[in-house]
Amino acid sequence: MFGLSTPPLPALDLMAPEAISDPQGYFAELRMRQPVYWDPRYRSWLITSYQHTAEALRDERFSSDRIDPYIRKKLSGPETDPLVRQAFEVLSGWMVFKEEPAHARLRRLCTLAFTPQSINALRARVESLCTELLDAIPSSYEFDLITQVAAPLPSIVIAEMLGVPVADRANFERWTALVSPLVSTGLDDPTRYGSVASGMASLVEYFTGLFARYREAPADNLISALLRAAEDEDALSEAELMATCTLMLFGGHETTANFIANGVLALLRHPDQLAMVRHDQVDMKHALEEFMRYDGPGKTVVRVAREDFEFAGHSIKAGQRIFLILSVANRDPAIFEDPERLKLDRGQVRHLGFGSGSHFCLGAPLARLETGIAIPQIVKRFPGLRLAQGPLKWLPFLGTRGLRELRLLAS
Ligand code: HEM
């Protein structure tokens with residue numbers, strides 16, 4: 001009769017400093033007590049357990065099509081800046097926001113670039129690029145791993161894959177940086193629209209020129225391959241080409257930089273595992289999946305309910321937003337033994353860091369190649385590598401788990 005009632009859950013704030021610095025810790029109680037939870041503050045569902053997240057990723061009632069409705073609802077009025085609308089229209093063509101059959105068609109046209117053979121052909125180039133970037137860091141020196149190695153590596157690789165000439169790279173990087181908050185932070189921040197729109201307009205103009213150039217003189221790159229596909233029956237429109245090229249650009253850029261940096265940070269916090277990587281005592285194929293499970297860069301993906309339906313005993317209504325918190329699902333003790341520890345020799349790790357189902361990350365083989373080369377090279381190059389003084393600053397983003405900088409001492 002006097003049984004203890006369960007205390008209510010503390011109020012949650014997805015953007016609270018603790019939720020940003022340690023999402024896995026912050027949401028652990030929620031995952032245990034209410035793995036499918038209606039958050040009144042964000043007017044959204046939060047899904048945090050592995051099982052429910054995996055199910056939702058594969059369930060078509062959780063729709064990925066959320067940009068077109070946003071454009072219709074918020075950006076259709078005459079007061080909308082045409083450049084802002086253009087930026088969102090490019091985004092709305094991304095396959096990651098498409099439903100079938102449009103999604104499968106776009107994906108099929110890009111898969112050739114990501115076969116194991118195509119990715120393996122990049123190995124030597126990625127190795128030498130990584131060596132060059134590391135050579136530029138003097139030893140006994142404090143440096144930011146992100147700006148000096150982790151970010152330039154994937155960004156140069158994807159620019160080369162697409163066919164962006166070296167001379168254009170600085171401008172290309174600048175515009176990409178302007179647009180990137182749109183991709184990383186979600187859509188609810190109109191204060192950033194101005195710079196995002198101008199960055200996207202410059203990218204659109206630049207890619208239009210590049211399409212014309214490779215139409216005239218095809219070369220061995222992804223843009224030429226997509227243009228060839230555009231001449232087939234299943235033609236890609238100019239807008240679809242633009243969407244696909246920008247998706248490749250953003251999909252593979254900051255995510256991979258954070259994969260590398262989060263992995264190095266995890267190693268510095270687990271010296272026994274660091275020693276194993278330094279002495280080639282781990283199978284990197286499995287170790288990469290454990291880095292992703294432990295603290296991967298893909299923190300959250302968003303879905304919208306396509307219709308009213310029941311899920312895990314809850315009534316989800318058409319149009320409601322759902323956050324699938326991958327990084328919290330990846331530490332679910334119901335699935336992973338001792339989930340709070342990085343154990344590079346776990347063997348097979350079935351994490352959700354690259355998503356699951358039809359939208360499973362197309363670029364995963366490339367991200368694995370780059371990170372699998374970068375992490376061992378970095379820790380072997382500097383045997384006394386350690387964290388520099390000062391607090392770690394995590395980016396206040398919902399979608400991505402990444403550091404603003406990772407200052408290290410090279411010795
Ligand atoms: C560690 C790095 C990466 C992480 C953590 C990551 C994560 C993800 C996730 C979680 C999804 C699924 C999104 C959803 O279901 O809504 C996804 C999709 C996608 N990613 Fe990645 N990604 C990474 C690297 C890359 C790279 C290097 C590329 C390409 C160059 C890329 C291209 C894509 C594309 C095209 C999709 C959409 C696939 C589809 O809709 O069918 N990603 N990624």
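Some bookkeeping. Residues are numbered from 1 along each chain as its sequence is written, and side-chain values use heavy atoms, with hydrogens and water left out. As the model is predicted, local features need pLDDT of at least 70 and side-chain atom pairs count only at pLDDT 80 or more, while totals for chains, interfaces and linings use all residues.

I start with the iron. What does the protein donate to the iron atom of the ligand? A single donor, the SG atom of Cys361, at 2.3 Å. Donors here are N, O and S atoms within 2.8 Å of the metal (3.2 Å for Na, K and Ca), and water is not among the atoms, so sites may look incomplete. Cys361 sits in the loop between helix H19 (326-329) and helix H20 (364-381). Helices are DSSP runs of H or I with at least four residues, strands are runs of E with at least two, and both are numbered from the N terminus.

Next, the shell. The ligand is surrounded by 30 residues, counted when a heavy atom lies within 4 Å of it. His103, Arg107, Arg303, His359 and Cys361 are the closest. By class, 17 are nonpolar, eleven polar and two charged. In that scheme Ala, Val, Leu, Ile, Met, Phe, Trp, Tyr, Cys and Pro are nonpolar, Asp, Glu, Lys and Arg are charged, and the others, Gly among them, are polar.

A polar backbone atom of Gly251 is 3.4 Å from a ligand nitrogen. Elements giving two or more residues to this shell are helix H7 (102-111), helix H15 (238-251), helix H16 (254-268), strand E5 (300-305) and H20.

Now the second largest pocket. Its lining has 19 residues, and Ala113, Asp220, Asn221, Leu222 and Ala225 lie nearest its centre. H7, helix H11 (152-162) and helix H14 (222-231) each give two or more residues to that lining, and H14 gives the most, with five. The lining divides into twelve nonpolar, two polar and five charged residues. A pocket is an open set of points on a 1 Å grid over the protein atoms alone, with protein on both sides within 12 Å along at least five of seven lines; lining residues have an atom within 4 Å of a point.

Last, helix H6 (residues 82-92). Its buried residues (under 20% relative accessible area, 1.4 Å probe, protein chains only) include Val84, Phe88 and Leu91.

Conventions. A polar contact is a pair of N or O atoms within 3.5 Å; within protein, one must be able to donate a hydrogen and the other to accept it, and residues adjacent in sequence count only if both atoms are side-chain atoms. Buried means under 20% relative accessible area, exposed over 50%, partly exposed in between (1.4 Å probe, protein chains only). On a 1 Å grid over the protein atoms alone, a cavity is a set of points where a 1.4 Å probe fits but cannot get out, and a pocket is an open set with protein on both sides within 12 Å along at least five of seven lines; lining residues have an atom within 4 Å of a point.
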